[in-house]
Amino acid sequence: MSPPSVRSSGPGANLSAAYFEARYQILREPLGFPPSAAKLPDDDDAIHAWIEMESNQPAEEKMMVVAVGRIHLIPADSTGACADTVDENAAHCPDFPPLGTHGFSDGAGNDFPPPKLLRPAVQIRQMGTLENHQRKGHAATVLANLESEAVAQWGECTGFLQARVAAIPFYGAQNWISFGDEYMVEGIGLHRSMWKPLNTSLSPDSLVQNRTEGEV
Ligand SMILES: CC(C)(COP(=O)(O)OP(=O)(O)OC[C@H]1O[C@@H](n2cnc3c(N)ncnc32)[C@H](O)[C@@H]1OP(=O)(O)O)[C@@H](O)C(=O)NCCC(=O)NCCS
């Protein structure tokens, strides 16, 4: 059997049914969402990465996808708020205040660089690994791939994401930093926003001051 390998494609990716099946199984089915919720309105605009491996189930497709993720460019006139899925009554994901016109400093004293220094800004969404394939480094590989593909596609940029609270330690282990308060995304659960400079000129250590000791 061939070892798991990372693949990426996009913008304009021709994504397989196996990719969406994995996304559905990991991120949507457990919340009781319908299969249509596996697709996002702007999937065509994003770069996608996934881990695929040979299936050992004879009845299944030869290649299966065990981990997925995507990254997209936040349009210059947007601060990141979006609909969660293509469904009509999809949940609303809030914006990223540091991208607003006034800049941002959270209650913990995290002072962000001015918004114009944070652009281009990109957003990670729909990261996940099938339950029985977790803790093998797959999501870390997908995330690193998305970060480097984003820089190749859009230049040095700043990453943002909305982490489910249970996933914060995973993102923290990949050097993403939490900011602001927790908030509820309807139908999904508690989230906290995180960011990471994907360039050499902004460093979280030099630009986010007074972070509480031990906080990711
Ligand atoms: C969060 C998630 C994507 C991590 O996927 P994964 O493939 O298991 O992650 P990795 O194996 O690449 O983890 C890399 C490192 O991140 C950290 N990490 C990952 N999962 C963790 C967890 N549950 N608790 C604490 N640390 C964790 C560890 O440092 C880990 O390294 P280690 O295994 O050597 O200790 C996965 O648990 C998942 O799909 N969860 C359900 C869906 C979800 O919440 N997605 C995120 C939406 S925002």
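**Arg-135 counts as exposed, with 8 C-beta neighbours inside 10 Å.** A residue is called exposed if 12 or fewer other C-beta atoms, placed from the backbone, lie within 10 Å of its own, buried if 20 or more do, and partly exposed in between. The model is predicted: local features need pLDDT of at least 70, side-chain atom pairs count only at pLDDT 80 or more, and totals for chains, interfaces and linings use all residues. Numbering of residues starts from 1 along each chain, as its sequence is written. Arg-135 sits in the loop between S6 and H3; helices (H or I, at least four residues) and strands (E, at least two) are DSSP runs numbered from the N terminus. Most residues other than glycine have a negative phi, and most peptide bonds are trans. Arg-135, not a glycine, has a positive phi of about 60°. Gln-126 belongs to strand S6 and counts as partly exposed because 18 C-beta neighbours lie inside 10 Å.

Pro-11 is placed in the loop between S1 and H1. Pro-120 is found in the loop between helix H2 (115-118) and S6.

**An open sheet of seven strands runs in the order S1-S2-S3-S6-S7-S9-S8, with mixed pairing.** Two strands pair if DSSP finds at least two bridges between them. Strand S1 (5-9) and strand S8 (177-185) are the edge strands, each pairing on one side only. On average, neighbouring strands of this sheet are turned by 25° against each other, direction ignored; axes are lines fitted to C-alpha atoms, for helices over the stretch in contact, and angles run from 0 to 180 degrees between N-to-C directions. The chain as a whole has five helices and nine strands, and along the sequence the pattern is β-α-β-β-β-β-α-β-α-β-α-β-β-α.

**Strand S6 pairs with S3 and with S7.** Strands of a sheet pair through backbone hydrogen bonds, either parallel or antiparallel. S3 and S6 are antiparallel, over six bridges, while S6 and S7 are parallel, over four bridges. Val-122 in S6 stands opposite Leu-73, and the bridge partner of Val-122 in S7 is Gly-159. Gln-123 has Phe-160 as its bridge partner in S7. S6 is mostly covered, seven of its nine residues being buried.

**Helices H1 and H3 lie on the sheet.** H1 lies across strand S2 (47-54), strand S3 (63-73) and S6, and runs at about 85° to S3. H3 packs on the sheet and touches S1, S2, S3, S6, S7 and strand S9 (189-198); the direction of H3 makes about 145° with that of S2. Two residues are in contact if their C-beta atoms, placed from the backbone, lie within 7 Å.

**The largest nonpolar core has 38 residues.** Such a core is a set of buried Ala, Val, Leu, Ile, Met, Phe, Trp, Tyr and Cys residues joined through C-beta atoms within 7 Å. Trp-50, Val-142 and Leu-146 have the most contacts inside this core. H1, S2, S3, S6, H3, S7 and S9 each supply at least two of its residues, and S3 gives the most, with six. Leaving aside neighbours within four places in sequence, Leu-146 is in contact with Ile-47, Ala-49, Gly-69, Ile-71 and Ile-124. Across the chain of 216 residues, 31% are buried.

**The ligand is surrounded by 20 residues.** The closest are Thr-129, Gln-134, Ala-139, Ala-140 and Pro-169. Helix H1 (17-28), strand S6 (121-129), helix H3 (138-154), strand S7 (157-164) and helix H4 (168-173) each supply at least two shell residues. By class, the shell has twelve nonpolar, five polar and three charged residues; Ala, Val, Leu, Ile, Met, Phe, Trp, Tyr, Cys and Pro count as nonpolar, Asp, Glu, Lys and Arg as charged, and the others, Gly among them, as polar.

**Ala-144 is found in helix H3.** Ala-144 is partly exposed because 14 other C-beta atoms lie within 10 Å. The C-alpha atoms of Ala-144 and Gln-174 are separated by 8.2 Å, although the two residues are 30 apart along the chain.

Definitions and conventions. A residue is near a molecule or strand if its C-beta atom, placed from the backbone, lies within 6 Å of it.
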